[in-house]
Amino acid sequence: MPKQINSPANPLIKQVVALNTAAERKETGLFLVEGLRETALALKAGYHAEYLFYCPQFTQTSHMECIAPQATLQQVNMAEVSEAVFDKIAYRKQAPNVVAICRTRPLPPNDLQLSANPLLVVVETVEKPGNLGAILRTADAAGIDALLLCDPQTDIFNPNVIRSSLGAVFTCPVAVCNNLNALAYLNSHHLHLFSAALTPQAIPYHSANFTAPCAIAFGSEAFGLSGFWLQHANEQVIIPMWGQVNSLNVSVSAGILMYEAQRQRMEMGKNLKHP
């Protein structure tokens, strides 16, 4: 029988609200997942849910069929909450929806499983959760082997990262590490490193050869890649721009290069994930 919660002042509800802060997530090792699809993907990826909250006025048992098998298997605690409580904890209101408290886990590079001809993305010090989520969403769509998140300014379990990725944070293999560990991992797998940069020595991206095992590195919204990734790059690439602003959003830049790499691989018959 689901637990009944009708008061926004309930201690469990206060914990849900607190998990919107990075400090609380770090201290407790817990994070929030909102959405039927997102929660189903988190459970499928092996994340353990401590609690699952839903409002029966908006979310019926039939809506939760995508979650039920894994939730039952994990013996997830269910909580049926009032409309006022759900309004306090949910971003998407008055629609079929759930909010889950899940447990974080370490994401070291050595846990990644790469294909025979891997294509990785490296993201350094990206600050905005929406941009990181958009990169993850595109990486999932493009069939990228893995994303290395280096020295992040926002944590991978930020609710806005999960929301903007539409749950791709659980489907695209991710590792979180510092620059040195990321570079050591790339070198150990003999990956050719491309760094996206606005430098005189950068070549147009469509002139680069992405068909061999490689990684493409992207930097922060404000400053781009640090000297570390420019120095260690085998090649630097640039996206030509003809406008007056001379700047692309990092998630847009990442999408352009990911799909160019996969386009080249499909033409050469080297995209092992192509349908």
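Which residues in α6 meet which residues in α10?

**View 1. Helix α6 packs with helix α10 in a predicted model.** Asn131, Ala134, Ile135, Thr138, Ala139, Ala141 and Ala142 in α6 meet Val250, Ser251, Ala254, Gly255, Met258, Tyr259 and Gln262 in α10 (contact means heavy atoms within 4.5 Å). By class, this contact of α6 with α10 has nine nonpolar, five polar and no charged residues (Ala, Val, Leu, Ile, Met, Phe, Trp, Tyr, Cys and Pro count as nonpolar, Asp, Glu, Lys and Arg as charged, and the others, Gly among them, as polar).

**View 2. The axes of α6 and α10 cross at roughly 15°.** Helix α6 spans residues 129-142 and helix α10 residues 250-267, and their axes come within 9 Å (helices are DSSP runs of H or I with at least four residues, numbered from the N terminus; axes are lines fitted to C-alpha atoms over the stretch in contact, with angles from 0 to 180 degrees between N-to-C directions). The two helices are therefore roughly parallel to each other (angles under 35 degrees).

**View 3. Arg163 lies in helix α7, residues 159-164.** The side chains of Arg163 and Asn160 are joined by a polar contact of 2.5 Å (a pair of N or O atoms within 3.5 Å, of which, within protein, one must be able to donate a hydrogen and the other to accept it; residues adjacent in sequence count only if both atoms are side-chain atoms). Apart from neighbours within four places in sequence, Arg163 is in contact with Glu34, Tyr91 and Arg92.

**Notes.** Residues are numbered from 1 along each chain as its sequence is written, and side-chain values use heavy atoms, leaving out hydrogens and water. In this predicted model, local features need pLDDT of at least 70 and side-chain atom pairs count only at pLDDT 80 or more, whereas totals for chains, interfaces and linings use all residues.

Key. Angles under 35 degrees count as roughly parallel, over 145 as roughly antiparallel, 65 to 115 as roughly perpendicular and the rest as oblique.
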